[in-house]
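Work through these exercises with the structure open beside you. Try each task before you read its solution.

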Amino acid sequence: MQRYLLSRLIQSVVLMIGVLVLVFFIVRLTGDPARLMMPRDASPENIQAFREAMGFDAPLHVQFFNYMRGALTGDFGRSLHYRAPAMSLVVERIPATLELALAALFFALVVSIPLGIIGGTRPGSIWDTLCRGIGLIGQTVPNFWLALMLIVFFSVELRWFPTFGRDGLRSLVLPAIALGFFPLGKFTRLVRASVLEIRNEDYIRTAYSKGLLEQHILTRHIFRNVAITLVSIVGVQFGYMLGGSIYIESIFAWPGIGRMVNEAVQARDFPLVQAIAVFTAGFVVLLNLLTDIAYAVIDPRIRYEN
Amino acid sequence: MEKKKIIGLGLVFLVMVGTGTALAGGGREAPAAPVSTLRVAVPTFPNSLDASIAAERNAQNVAWQMFDSLVWANDQNIVEPALAERWDISDDGTVYTFHLRRGVTFHNGEPFNADAVVYSWERGTQPHIEWSDRWGRAKSVEAVDEYTVRITTEEPDPLLLGVMAQHWNIIPPRYTQEVGDDGFGQAPVGTGPFEFVEWVREGRIVMRANPNYWREGLPRVDQVIFRPIPESSTRMAAIQTGEVDIVNRLTVEQAEALEGVPGVNVVTYPIDRVFYIAFNNLTTGVDQPTEDARVRRAMNYAVDRQAIIDSLFGGRAQLATGLMTESNLGYDHSIDPYPYDPARARRLLADAGYPDGFEIGFAAPAGAYTNFEQVAEAIQGYLADVGIRTSLDIMESGRYWDLEAEKALPPLFGDSWSERSGESLPRLLGALGGWDASFSAWSDPTIDDYLARIGVTVDQDERAQLYRELHQFMYDDPPFIYLYVPETFEATRDNVVDYMPRAAEDYFLMFTYIR
Amino acid sequence: MNSNVNSNKNDKPILEVRDLHVRFDTVDGVIYAVNGVSFDLYPGETLGVVGESGSGKSVTMMSLLRLIPEPPGRIVSGTARFRSREDDLDLLQLNMRQRAKIRGNRIGFIFQDPMSSLNPLITIGEQIKESLERHTKWRGPEARQRVVELLEHVGIPDPDARYGNYPHQFSGGMRQRVMIAIAIACDPDIIIADEPTTALDVTVQAQIVDLTRRLSEELGIAVIWISHDLGVVAGIAERVMVMYGGTVVETGVVDDLYAHPRHPYTVGLLGALPKLHENVPELVNISGTPPSLFAAPSRCPFEPRCPWAFKTCRERRPALESVQRDGHFSACWYDMEKDKPREVRR
Amino acid sequence: MRIDAIDQRGVYSPLRRFMKLILRDKAGLFGVILFLLIVLIAIFAPQISPHDPLQQNLRLSRQPPAWQAGGTWEYPLGTDNLGRDMLSRIIYGTRVSLTVGFLGVLIASTLGLVLGMLAGYMGGRTDSFIMWITNLFLAVPYLLLVVVVASILGRSLLNVILIFGFTNAPLFVRITRGEVLRIRKSGYVESAISLGASQGRILFDHILPNLIGPLLTVATFEMSGMIFYEAGLGFLGLSVPPNIPSWGNMLSAGRQYIQFSPWIAAYPGLAIVFTSLSMNLLGDWLRDVLDPKIRRSA
């Protein structure tokens, strides 16, 4: 297992270096980052001054070297808009986004697992229809649209939840539902499909042939195997939620990273965009690593490799 | 909105004696001591709470509740004393001597004195400060004694006091040095009506009343909480549910919808921004019919701007009569907007030698301003009615502004210009400065002459007179098709009293309270 | 072996299956998988069931305790009387709970692919213990001890250490031993072994066959051994049942049936026998394809491939009829012995 | 021997089988019909639109749908804030969405197919390099990547298509490669190789046809995703220019009216939901039909 984890770790580091390179080039996609970062009505002199100040006038390989050196020490330059080290701004927003994403994940899992299992164990039943329906709706309703609808109905009409902000548990409910709806659909479909699939596995037939009861087979034999499939997608969905939070955090004025992406993009604050991109990519790479570890914990076939 | 009548002092270069109570305005039942909490939604996340670094209007609005400058511009854009009790201006208009208010302390107890002013200026002119060019209008700032400061300018600068009022936030030297500029932006200290309590990053900014504020009886609430809410529909929801007391930057439709909502008052007022279709006599417009003033006047007659305003903006905008707005110094109220008169437009075109009209290029930016694409399309239609055939090119705004700066747009192009200084001079210079100005495609010696004179006239009255003359000149020989001055839409809970935003969309919450 | 057969004759069958019909509803049409199968199983005997894939041999046996996927599978009719020391009941009439009490307890199962028949995420010890805890009074450490004994019994070396291993740490043969341990854990009356050696290589096959035979004898368990491999069946079974197209075409005592096959299909199978030991695909010298099962059989299912087929074969379905020797039955209109069509009573 | 004699009576005819495949899955049938309908709407947009989608009539702005008080059948789904006919805009929006989805998927799948086949077939360093790049793109959260690139490149239909095309390619690379590896290992390709078939032949005769099924299924889902994300970009003001009636732009503009003229945001939202739904159902159905493993059981 150590060897497995070590190789995964090395892969992750190599991937991260790649991400740094990728981000470097994306920001230079239009050729002139200074032009991109400066206000549209900036004078040519100001742009030139800025170009020099940011080192964009240096040859590309020098820029790249400086960028990588900074990146490796966690220095992604200063945010043009917030006038603070870009990475520390990102780090400040982590708790809010993490809180929202975890709440959304919790919501999605708590609803989807029972639903998917009921649907998967009773294909064709009314529960299955419900399960498939929710799976589809979750995947077809845009989350920002849902968010607005939730505000109109639950905040303005019913006054059950606050319309915006991050003030305790109550304020978390609507954003978490809005953000968790897409993964909810995904998970429900996945759990259902994987229950259906596992139920066709030979070892489930073996379990039945042992006279084990439905309940026992579900909890002992199907659950754990579903968990493996789920683990593989939870990480991916978490990454997607970072994307979805761009909308949800903007609509609910949730002070997290997603909101900051929007802000930074609007303000053309590309040092900040760069830092966010590297950070979230790093986060996703870390998640993948955690997923691999979780795999190893759940799946003995990996745990006992070598 | 209720306009307050302020006892103003007309001429700035008279020695001024103002007192805090004179500024208090018309609060009918203002509480004796600050009570309750005011919750204000802001549409952006402030980048900094240091007014010299706060990048845009909304961040500045938040920051300025904690600061004072030496002078203050009232609702009428008349400059009044603030941290300076009075000031003298030398005869050549380049040396200002400010006599500072005594006994004022910063929120942290540091004394306010001449050193603080000098320090603030020295820091403000450093290049990393967002508004360093505004501080840089003064060539030097020296402490004469503890309560006297001498400020010198290169040339007479009629806008200096206005700019100081807008941008010169006086900061405590010791504290600022201690925490550095970044730290100061996170937790600022000023002399203003409210003092900083906490900034929960992007969630809320909390301030409480400054108990020792030098303006007696102010502020009137003991706590202000700013809540950033970027999404306008969420702001609208939040004012309906009463989660906040004041919201701004609503759309006209939202404002209309809120009008019937119990507990909510809608606030609308024209802002200091003018929309126009510009002509070009420098590059692409050379030798075009639009070089003839009659043609340009004809085009002003040809467009039914009131219809555009009524249909696209629900009637919530004002017709522009020039590049100035009502809130600007020297705005001539006697000038009526061009009426919609296509017959007259055709006659003028015929006089100019174009009885059958002509063809000309026309461009407008996409997505930059509310409904502006539609405005351009409507104008295209109206011009076609009098025979002027335009090829309208609506382009992506980034490219548009690049071309505009290169003076490479077609001879007709639409844009707008906002101004925050209360005077129209910067806008006039920017839009009509000829080759010297990035976004100008027009040069007229008469206008140049006026602008040069206004630029060195420190006397407010004289300046106003020059503005009035220029206003008339630009009406008779229009370098633009004047379009409209938009309104902005805000809302408050109905128990909010004396919330008085101005044309630059700024506000001072020290007068505001909750009934 | 023979003595065993004889003693069985005196007992009542432990399992009596009569006229079993099973169908599958698929997109391509209804598959008539089992069409009126009847057979008996006597205590302690080993019954070999042979036939090509698709002959309905697995479906027949799995249907008894409803281990076929339902839907698409559907048991249309039939009875399966199970008679042991404690029980006397029709397996096909049981409800879910009652069935679960029989499965793994009175009737154990061994499946074809030991690689996929064990849950990869659960230790093999737990997978055996599960069965014990479900059906017996053994719990906790005692159950564990019993599992270790079982492992030892099926020939797993170092069983105590192996208890906590996962299936992937076992070879195919070892896993099949684990499956056998599961099957015998609760001391069942019957074991149904569904091609238990097909996925294994030849040497391991032999070991598993030996193990099963030994255990069946030691514990007196009746075994239904499903295989397409007549050679393997010859080595383990006392009686053989040959299935084709969802019907039993011939049944009899092994030696008798091998020496005197009375059904053309069996003849074909036996003709292919020598090659089977080299693991060559079955039925190489029976030309034609296995029957289409998309219609209810109205004639002899083997007729299209049968070299002896004649008019009656195309018109009516033959029933199992006793042929001369005791316990030897064949379903064919053609009398191989006399080399002419059988006399048909109308 | 006499295969023709085998009883064929019980086997369903191809047509009946196809119908059964469709009818068995009612949801799939619904998806197929809906999808065809949407495609037809896009093709015949000019013929079926009651109005010019860009024609504004400010006196008639924010008219409610016909069945609500104040609505008329002149504008069945009402009008937007500029008095443009909602129905016509939604109909034309179908074109934008399908164009983005179709061309985006075309670019992504072509790129993915070529790179994935290269990676899977060449193996070695080529494989490692292509997969490294692929994983790189997959590591950056998708939406973030799209938003950042869109904000850098600016608004245009072509940009949106290119962005979706390129950012989705990694997924197709991965799937293609996986399938190629799987197929290569299977017996018939090995035997083709042993029979001396050329590389090109093997790729085109054996591997390519087998890729079509899985890729088609994924393409359907991805197309739905792109339509979804186009709306998302529109919401952030990063999609096609505002003068093009796309559902994202409509939704973005309509969100200001969601409380008092909800139809302006609701119908484009529903259009997205239904289109996305049809493609998801279609994808599910395709997967069932194209995957023989699943087909076998009912």
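**Exercise 1.** How many residues of chain D are in contact with chain A, and how many residues of chain A do they meet?

Solution. Start with the ground rules. This is a predicted model, in which local features need pLDDT of at least 70, side-chain atom pairs count only at pLDDT 80 or more, and totals for chains, interfaces and linings use all residues. Residues are numbered from 1 along each chain as its sequence is written, while chains are lettered from A and ligands numbered from 1 in the order in which they are written.

Step 1: Two residues are in contact if their C-beta atoms, placed from the backbone, lie within 7 Å.

Step 2: count. On chain D there are 31 such residues, and they meet 34 residues of chain A.

Step 3: find the elements. Helices (H or I, at least four residues) and strands (E, at least two) are DSSP runs, numbered from the N terminus. Two or more residues each come from α5 (124-139), α6 (142-153), α9 (199-235) and α11 (263-290) of chain D. The largest share, nine residues, is that of α6(D).

Step 4: sort by class. Ala, Val, Leu, Ile, Met, Phe, Trp, Tyr, Cys and Pro count as nonpolar, Asp, Glu, Lys and Arg as charged, and the others, Gly among them, as polar. The side of chain D that touches chain A has 23 nonpolar, seven polar and one charged residues.

**Exercise 2.** Describe chain A as a whole.

Solution. Step 1: list the elements. Chain A has 13 helices and zero strands.

Step 1: check burial. A residue is buried if 20 or more other C-beta atoms lie within 10 Å of its own, exposed if 12 or fewer, and partly exposed in between; C-beta atoms are placed from the backbone. Of the 306 residues of chain A, 49% count as buried.

**Exercise 3.** At what angle do α7(A) and α8(A) pack?

Solution. Step 1: define the angle. Axes are lines fitted to C-alpha atoms, for helices over the stretch in contact, and angles run from 0 to 180 degrees between N-to-C directions.

Step 1: read the values. Helix α7 (residues 143-157) and helix α8 (residues 169-199) of chain A pack at about 150°, with axes 9 Å apart.

Step 2: classify. Angles under 35 degrees count as roughly parallel, over 145 as roughly antiparallel, 65 to 115 as roughly perpendicular and the rest as oblique. Therefore α7(A) and α8(A) are roughly antiparallel.

Step 3: look at the contact. In α7(A), the residues include A:Ala147 and A:Phe154; in α8(A), they include A:Ala178 and A:Phe182. By class, this contact has 11 nonpolar, one polar and no charged residues.

**Exercise 4.** Is B:Ser327 buried or exposed?

Solution. Step 1: locate the residue. B:Ser327 is in the loop between β14 (317-319) and α10 (342-351) of chain B.

Step 1: count neighbours. B:Ser327 has 21 C-beta neighbours inside 10 Å, so this residue counts as buried.

Step 2: name partners. Not counting residues up to four places away in sequence, B:Ser327 touches B:Asn77, B:Asp272, B:Gly422 and B:Ala503.
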